[in-house]
Amino acid sequence: MTDLALGIALDSALDSALDSALDFGTALPAPQPWDERTSTMTTSDEFTAISEPQTQAMRADLEEQLQWREVQLRDLRAAVDGGNDDTARLALLADVAATERAVAELRRALERIEEGSYGRCADCAGAIPFGRLKIRPLARYCIACQRRHEIR
Ligand SMILES: [Zn+2]
């Protein structure tokens, strides 16, 4: 259950906290020179919206994750109903809540694909690089805006 809870945390609640640790190196297609004096990145990739095939790949990925989470949620709820140990029940209820959050976030991301706003930063409307979306399919902000949110 620990691995499961961690997986959920990675996807949702702790997203922004973990983002800063994971963005560099992993979100970029190749190592980029980083200028310590500026806080914005200027790779051309940053301004290129994801293509239609890339969007479809993300949709398939999100749908697969959603299906998996829904199965997980059903199993967790059944376990809550079947359990009689209060401590285990509390842990399961926390997992249910986290999984419900993950399901809601995945549904919202799929809605954004339908609306055509997926892959666009919710703050500056700039393109979120495909490399970042592959690692953080639920990312709503570009890297620069995400950092601003963390500083706030
Ligand atoms: Zn932005």
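Predicted model: local features only at pLDDT ≥ 70, side-chain atom pairs only at ≥ 80, totals over all residues.
Leaving aside neighbours within four places in sequence, with which residues is Leu92 in contact?

Figure 1. Leu92 belongs to helix 4. Once its neighbours within four places in sequence are set aside, the residues in contact with Leu92 are Leu76, Ala79, Val80 and Gly83. For Val80, which lies 12 residues from Leu92 along the chain, the C-alpha to C-alpha separation is 6.1 Å.

**Figure 2. Burial of Leu92.** Leu92 has 21 C-beta neighbours inside 10 Å and therefore counts as buried, the threshold being 20 or more. Across the protein, buried residues account for 20% of the 152 residues.

**Figure 3. Packing of helix 3 against helix 4.** Helix 3 spans residues 52-82 and helix 4 spans residues 86-115. Their axes are 9 Å apart and meet at an angle of about 155 degrees. Helix 3 is therefore roughly antiparallel to helix 4, since angles over 145 degrees are classed in this way. The crossing of helix 3 with helix 4 is left-handed. Sorted by class, the residues in this contact comprise 16 nonpolar, 4 polar and 9 charged.

**Figure 4. The helices in the context of the whole chain.** The protein contains 6 helices and 0 strands, and its pattern along the sequence reads α-α-α-α-α-α. Of the contacts between residues at least 6 apart in sequence, 67% join residues at least 24 apart.

Terms used:
Residues numbered from 1 in each chain as written. Axes fitted to C-alpha atoms, helices over the stretch in contact; angles between N-to-C directions. Helix = DSSP H or I, 4+ residues; strand = E, 2+ residues; numbered from the N terminus. Parallel < 35°, antiparallel > 145°, perpendicular 65-115°, else oblique. Left-handed = near helix turned anticlockwise from the far one by under 90°. Nonpolar A, V, L, I, M, F, W, Y, C, P; charged D, E, K, R; others polar. Buried ≥ 20, exposed ≤ 12 C-beta atoms within 10 Å, placed from the backbone. Contact = placed C-beta atoms within 7 Å.
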